[in-house]
Amino acid sequence: MVSLWPSTINSLNDSLTALHGSLGKLKAAKSIDIAEVIDQLKQAAECSRNLRALVLAEMPDATWQNREELDSLVLEIEKRVEARQREEMRARLNSLADELQRGTIVHRRSVRVTQMIQLKEAAVKELRAHAAQAKPVILPGPEHDEWLDWGCNLKEPEDAEALRSLRNDFPHLDEFIANLEPEMWTKTVEATA
């Protein structure tokens, strides 16, 4: 829904600007195309309905009397939506950290297991640190339950953007998945009550 806000507001502003131009011509006693003015009015009314629907979908009890009050409501809604998105990013980071925490490493050599456990713990710590930030970093890829399979199958150059994002923003997680062979990972299923 957030991506609709700027385009909906811009559409309303653009339609009002066009209508204002036509009204300016009328005010100056210039000729106008009445059908065009009617279309401009219909477009402005449709944009207004769309924006009203977005506002009321987010704040059903919202009321406003003028554009200033509407703009104030839109700012409040944008803050709410941004806060909700930050919480979703935090939850996503913590979910992957939990997934890593629950999983176990198996390998024929204990030295390799110890090395991978250290890499896993560093990745978990990194994910939790990002989740605790005021503005969490966006983690590329699918949801936590599919993330490791996705991460272990990343390849250059097809997945260059995702790999670059991981290297830059999640270097410990990147190192962990770069060293993790799929057969080394045992997913531990959460016990349900």
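**Helix packing and local features of the predicted model**

The axes of helix H3 (residues 67–102) and helix H4 (residues 110–132) approach within 8 Å and cross at roughly 160 degrees. Axes here are lines fitted to C-alpha atoms, for helices over the stretch in contact, and angles run from 0 to 180 degrees between N-to-C directions. Helices (H or I, at least four residues) and strands (E, at least two) are DSSP runs, numbered from the N terminus. The structure is a predicted model, in which local features need pLDDT of at least 70 and side-chain atom pairs count only at pLDDT 80 or more, while totals for chains, interfaces and linings use all residues. Residues are numbered from 1 along each chain as its sequence is written, and side-chain values use heavy atoms, with hydrogens and water left out.

H3 and H4 are therefore roughly antiparallel to each other; angles under 35 degrees count as roughly parallel, over 145 as roughly antiparallel, 65 to 115 as roughly perpendicular and the rest as oblique. The crossing of H3 with H4 is left-handed, a term used if the near helix is turned anticlockwise from the far one by less than a right angle, with clockwise counting as right-handed. On the H3 side, the contact involves Arg 90, Leu 93, Asn 94, Leu 96, Ala 97, Asp 98, Leu 100 and Gln 101. These residues meet Lys 120, Ala 123, Val 124, Leu 127, Arg 128, His 130 and Ala 131 in H4, where contact means heavy atoms within 4.5 Å. By class, the residues of this contact comprise eight nonpolar, three polar and four charged. Ala, Val, Leu, Ile, Met, Phe, Trp, Tyr, Cys and Pro count as nonpolar, Asp, Glu, Lys and Arg as charged, and the others, Gly among them, as polar.

H4 also packs with helix H7 (residues 171–179), at an angle of about 150 degrees and with the axes 7 Å apart. H4 and H7 are therefore roughly antiparallel to each other, and their crossing is left-handed. H4 contributes Arg 112, Met 116, Leu 119, Lys 120, Ala 122, Ala 123, Glu 126 and Leu 127 to the contact, and H7 contributes Pro 171, His 172, Leu 173, Glu 175, Phe 176 and Asn 179. The residues of the contact between H4 and H7 divide into eight nonpolar, two polar and four charged.

The protein as a whole contains seven helices and two strands, which follow the pattern α-α-α-β-α-α-α-α-β along the sequence. The C-alpha trace spans about 90 × 40 × 25 Å along its principal axes. The radius of gyration is 26 Å, whereas a compact globule of 193 residues would have a value near 16 Å; this radius is taken over C-alpha atoms, and the globule rule is 2.2 Å times the number of residues to the power 0.38. Of the 193 residues, 32% are buried, with buried meaning under 20% relative accessible area, exposed over 50% and partly exposed in between (1.4 Å probe, protein chains only). Among contacts with a separation of 6 or more, 68% are between residues 24 or more positions apart.

His 130, in helix H4, is buried, with a relative accessible area of 11%. Apart from neighbours within four places in sequence, His 130 is in contact with Leu 93, Pro 136, Val 137, Asp 169 and Phe 170. Cys 47 lies in helix H2 and is likewise buried, at 3% relative accessibility. With residues up to four places away in sequence not counted, Cys 47 touches Thr 8, Ser 11, Leu 12 and Ser 15. Cys 47 and Lys 155 are separated by 108 residues in sequence and by 45 Å in space, C-alpha to C-alpha.

Ala 18 of helix H1 has a relative accessibility of 33% and counts as partly exposed. The C-alpha atoms of Ala 18 and Gln 115 are 66 Å apart, and the two residues are 97 apart in sequence. Arg 52, in helix H2, is partly exposed as well, with a relative accessible area of 44%. Arg 52 and Thr 63 are eleven residues apart in sequence and 10.0 Å apart in space, C-alpha to C-alpha.

Two features of the backbone occur in loops. Most residues other than glycine have a negative phi, and most peptide bonds are trans. Ala 29, although not a glycine, has a positive phi of about 60 degrees. Ala 29 is located in the loop between helix H1 (4–27) and helix H2 (34–58) and is exposed, with a relative accessible area of 71%. A cis peptide bond, with omega about -5 degrees, joins Glu 156 and Pro 157. Pro 157 belongs to the loop between helix H5 (144–152) and helix H6 (160–169).
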